[in-house]
Amino acid sequence: QVQLVESGGGSVQTGGSLKLSCTGSGYTYYITLCLGWFRQAPGKEREGVGSIDTFTSATYADPVKGRFIISRDNVKNTLYLQMNNLQPEDTAMYYCAAAKGRFRDGRWYCDARVEYGYWGQGTQVTVSS
C-alpha cells in the first residue's frame, strides 16, 4: 500500500511563492513510482499540474510552465512542488498522486498510460490579488 501525505499549502499574495511536499510511505520501491501533482478549483474539473518520472525528468502543464518546479528526493521518499510567481488562477486544492511504473528492458518507465491510483489528502493553496 502506498500512502501519500501532503503539506505546505497556505495563503499568499499574487507574486508570492510556496513549496508543497508529499511524503510517501508503505512501499519499499519508491524509486519505481511515477509521481504527479494535480489541482482542482471549486466548480472546475481536476487538472494536471505536472509530473516527474523515475529518471527525475519533469513535465508541466502550460499554465505553470516557467513558474513551477517539480522535484523528487528518493532518499526521503518525498515529492516537491515549488511554486513561484503565484497568480489568483492558481488557487485550488493541490493533490499529489503516484502510479506504479512499467517495467521493461530492466528499467521502470512512466508514460501517459500509467494510472494514478494512490492519492494524497490534498492541501489548499489560496492566492489573493
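Which residue does a disulfide join to Cys 22? A disulfide (a pair of cysteine sulfur atoms within 2.5 Å) joins Cys 22 to Cys 96, with an S to S distance of 2.0 Å. This is a predicted model, in which local features need pLDDT of at least 70, side-chain atom pairs count only at pLDDT 80 or more, and totals for chains, interfaces and linings use all residues. Residues are numbered from 1 along each chain as its sequence is written, and side-chain values use heavy atoms, leaving out hydrogens and water.

**Disulfides**

- The structure holds two disulfides, and they follow the pattern 1-3, 2-4, with bonded cysteines counted along the chain.
- The link of Cys 22 and Cys 96 is right-handed, with 60° about the S-S bond.
- Cys 22 lies in strand β3 and Cys 96 in strand β9, 74 residues apart; strands are DSSP runs (E, at least two residues) numbered from the N terminus.
- Cys 22 is buried at 2% relative accessible area, where buried means under 20% and exposed over 50%, with partly exposed in between (1.4 Å probe, protein chains only).
- Cys 96 is also buried, at 0%.
- A disulfide also joins Cys 34 to Cys 110; the torsion about its S-S bond is about -100°, so this disulfide is left-handed.
- Cys 34 is buried at 1% relative accessibility, whereas Cys 110 is partly exposed at 24%.

Terms used: Helices (H or I, at least four residues) and strands (E, at least two) are DSSP runs, numbered from the N terminus.
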